[in-house]
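Trainee: I would like to learn how to read pockets in a structure. Please take me through one.

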Amino acid sequence: AHAAELPIASEALESHVTTEVTKIDLTNRQVTVKGPHDKDVTFQLTEQAKALPNLKVGDQVDIYVTRAVAYVLNTKEGGAPKASEESGTIRATKDNPNPGGEAFRQVKVTSQIKKIDLNTHEVTLLPPEGKVQVVKVEDPDLQARMKNLKVDQTVDAIYTEILRVETSRPAE
């Protein structure tokens, strides 16, 4: 039999902020934008921000942040707790020369099921840090599926964050 992964829950949250560039320091690779309550916020950019010289004071900046978490049950037994992280960036292309891009970070935490209590709807998990956590299962659909769980199976919590920045210039 092959081990399978079964999605058991997920949720996502997206937010969007529109602001304006108020200052650019090309030498130090810093961009300042209008922040909340008219307090400026300065960002330090890396060498990867190749289109920085194209940015101008007054350019509009749209910042989108997406945060998501998904829980996946591994049906094989005997998996070990562990954690891994991936990250990456996508920059402006020749089709869209405006400064901007996208960055993502994904962290996967695998915890091992140590105890299942069907009466209280609680699952005891051993994460990589080694300190057991008791999780209360609130969702009635997930509570019904708890009878299929087995001690020593693993549950992956996959956290994903995506930051997307788009810039545009007001028409002159």
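**Reading the pockets**

Mentor: The largest pocket has a volume of about 860 Å³. This is a predicted model, where local features need pLDDT of at least 70 and side-chain atom pairs pLDDT 80 or more, while totals for chains, interfaces and linings use all residues. Residues are numbered from 1 along each chain as its sequence is written, and side-chain values use heavy atoms, with hydrogens and water left out.

Trainee: How is a pocket found?

Mentor: Rolling a probe the size of a water molecule over the atoms shows where empty space is left. On a 1 Å grid over the protein atoms alone, a pocket is an open set of points where a 1.4 Å probe fits, with protein on both sides within 12 Å along at least five of seven lines; lining residues have an atom within 4 Å of a point. Points are joined across faces, edges and corners, and the volume is the space filled by probe spheres set on them.

Trainee: Which residues lie nearest the centre of the largest pocket?

Mentor: Leu45, Ala49, Gly100, Leu163 and Val165 do, out of 26 lining residues. The largest share of this lining, 5 residues, comes from β6; strands are DSSP runs of E, at least two residues, numbered from the N terminus.

Trainee: What about the second largest pocket?

Mentor: The second largest pocket holds about 700 Å³ of space. Its lining has 31 residues, and the closest to the centre are Ile8, Tyr71, Leu125, Val135 and Val155. Here β9 gives the most, with 5 residues.

How values were computed: Helices (H or I, at least four residues) and strands (E, at least two) are DSSP runs, numbered from the N terminus.
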